[in-house]
Amino acid sequence: MAHVRPIATTRSATGIPTARLAVWWILASEVVIFGGLLGVYLMHRIGHPEWAEAASHTQTWLGAINTFVLLTSSFTAVLAHQAAEKGKGKEAAKLLGFTILGALMFLMIKSYEWYGEIVAGYTITANNFWSFYYTAAGLHALHVIAGAIIMGFIAVDAYRGRELHRVEIIGIYWHFVDVVWIFLFPLLYIAK
Amino acid sequence: MSENNDSHDDGHHINYRGIYFALLILFLISVAGPEVGERLGLPWITLVTAFGIALVKARLVINNFMHLAWEKRIMKWVLATSVILMFLMVAGVAPDVMNHEGNNWENLAAKEAVQRGLAEAAGYSDGEGEAEGEAELVVAAAGFSAATSYGQICATCHGAGGAGDGIAGAALDPAPANFTDPAFWNDPIRTDNLRERVLTVIRDGGPAIGVSALMAPWGALYTDDQLEEMVDFVMSFRPDE
């Protein structure tokens, strides 16, 4: 009895490749997680006038730069997908590398931002606004970290011309992380 | 490309660069929104540029980068179900979270959180951005003055001149007491043990004298002597008759 690799990728009742089906399922659950979190924030923000003062201390420019960074990393991620579709593994790997760089920049800016806030006394326990701020942005940052790590593995494979279809899969996930930030940005930084 | 070669990869060509530039332009508009809104005195512009644009951006990314537009229909249904469930959840709890009282209930904790927050905010906005927890110390340490303390804490609701017209007060029901109204002082519930009553309400909050909990307890902020000074200060608003 030799060890046989399961061939899940070829078995699909929906007509969607299994890996892509799986990532969509993950995102379906993420919609509820992040959607619920943001919905709860909106309700509290409206019901609690005192949150306005706390919200006015978030640093719009840092949030804006990070929005730009994530949008750009989404762009390189989709270009990587395009390259992978044409079978250009090396180029896909390079573009994934840029995306990872974007993730690192995002995290560095985020750390700098949080550092300043924590030093100024705006910690997760300061009040409900800051609790939410760190919970939502923190959960999002965890997704950025996870995405960057997975992307690293996929980039290495892609460089060797292996498992190119995964480039699209991680891309879909990455764009979702971008979409979450697209909503977090106005909620936490713009509408004050 | 073997196992990945399904319908959705063929037959559509997306101008990724174009989408990216569109996203950047939308992003710039959303950042500029509040400035424009402020200059034109139209605060709702911010809402449109912030959330309207977020929706458009999300749509662009989802359709063109995630290729959901070309995905099999079943996947759209699965995702739509998630979105609908999320909205159901939010809509279900929204009335309880956004209101702090209803026909037969009152959320005292939420109300107290509101005025504690407002009072803190008032104490800080003119300070040097001290950490929240230090508010009390600041008030207590820096040579106490009832007028200053009133200005920092009570004025948000009761108004700088004591007329019950503070910025936060406008939103409250019942309205904060108006100390410049003779009727307030002449009300029979106050005439008997006026000083006692004012002191109790400042120290222990509205419920201690049977009025609204929107008037929070401030006892923790003051020593006994300082409390007396606060009472004097509040009573100084009383118009001569």
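Helices are DSSP runs of H or I with at least four residues, and strands are runs of E with at least two, both numbered from the N terminus. The views below show a predicted model.

**View 1. Loop of chain A around Glu163(A).** Glu163(A) is placed in the loop between α5 (128–159) and α6 of chain A. Its phi is near 50°, a positive value in a residue other than glycine. Most residues other than glycine have a negative phi.

**View 2. Cis peptide bond between Asp173(B) and Pro174(B).** The peptide bond that joins these two residues is cis, with omega at about 0°. Pro174(B) belongs to the loop between α6 and α7 (182–186) of chain B. Most peptide bonds are trans.

**View 3. The largest pocket and its lining.** This pocket has a volume of about 970 Å³. Its lining consists of 29 residues, and those nearest the centre are Phe183(A), Leu55(B), Val83(B), Met86(B) and Phe87(B). Both chains contribute helices: α1 (18–47) and α6 (165–190) of chain A, and α2 (44–65) and α3 (73–98) of chain B, each supply at least two lining residues. The greatest share comes from α1(A), with eight residues. By class, the lining of the largest pocket comprises 24 nonpolar, three polar and two charged residues.

**View 4. The second largest pocket, with a volume of about 590 Å³.** The lining of this pocket numbers 31 residues, of which His158(B), Pro176(B), Ala177(B), Val201(B) and Met215(B) are the closest to its centre. In chain B, α4 (108–125), α6 (146–158), α9 (194–204) and α10 (224–235) each supply at least two residues of the lining. The helix that gives the most is α6(B), with six residues. Domain 2 (107–136) and domain 3 (146–235) of chain B each provide at least three residues of this lining. The lining of the second largest pocket divides into 25 nonpolar, four polar and two charged residues.

**View 5. Interface of chain B and chain A.** The contact involves 54 residues from chain B and 59 residues from chain A. About 5000 Å² of area is buried between the two chains, and carbon and sulfur atoms give 76% of this area. One salt bridge is found across the interface. A salt bridge links the side chains of Glu71(B) and Arg20(A), with an N to O distance of 2.9 Å.

**View 6. Salt bridge between Lys111(B) and Glu101(B).** The whole structure contains 12 salt bridges over all chains. In the pair shown here, the side chains of Lys111(B) and Glu101(B) meet with an N to O distance of 2.4 Å. Lys111(B) lies in helix α4 of chain B, whereas Glu101(B) lies in the loop between α3 and α4 of chain B, so the pair ties together parts that are 10 residues apart in sequence.

Technical notes. Residues numbered from 1 in each chain as written. Chains lettered and ligands numbered in written order. Predicted model: local features only at pLDDT ≥ 70, side-chain atom pairs only at ≥ 80, totals over all residues. Heavy atoms only, no water. 1 Å grid on protein atoms, 1.4 Å probe; cavity = no way out; pocket = protein on both sides within 12 Å on 5 of 7 lines; lining within 4 Å. Points joined across faces, edges and corners; volume = space filled by probe spheres on them. Nonpolar A, V, L, I, M, F, W, Y, C, P; charged D, E, K, R; others polar. Domains from an automatic or database assignment. Contact = heavy atoms within 4.5 Å. Buried area = accessible area lost by both parts, 1.4 Å probe. Salt bridge = Lys/Arg side-chain N within 4 Å of Asp/Glu carboxyl O.
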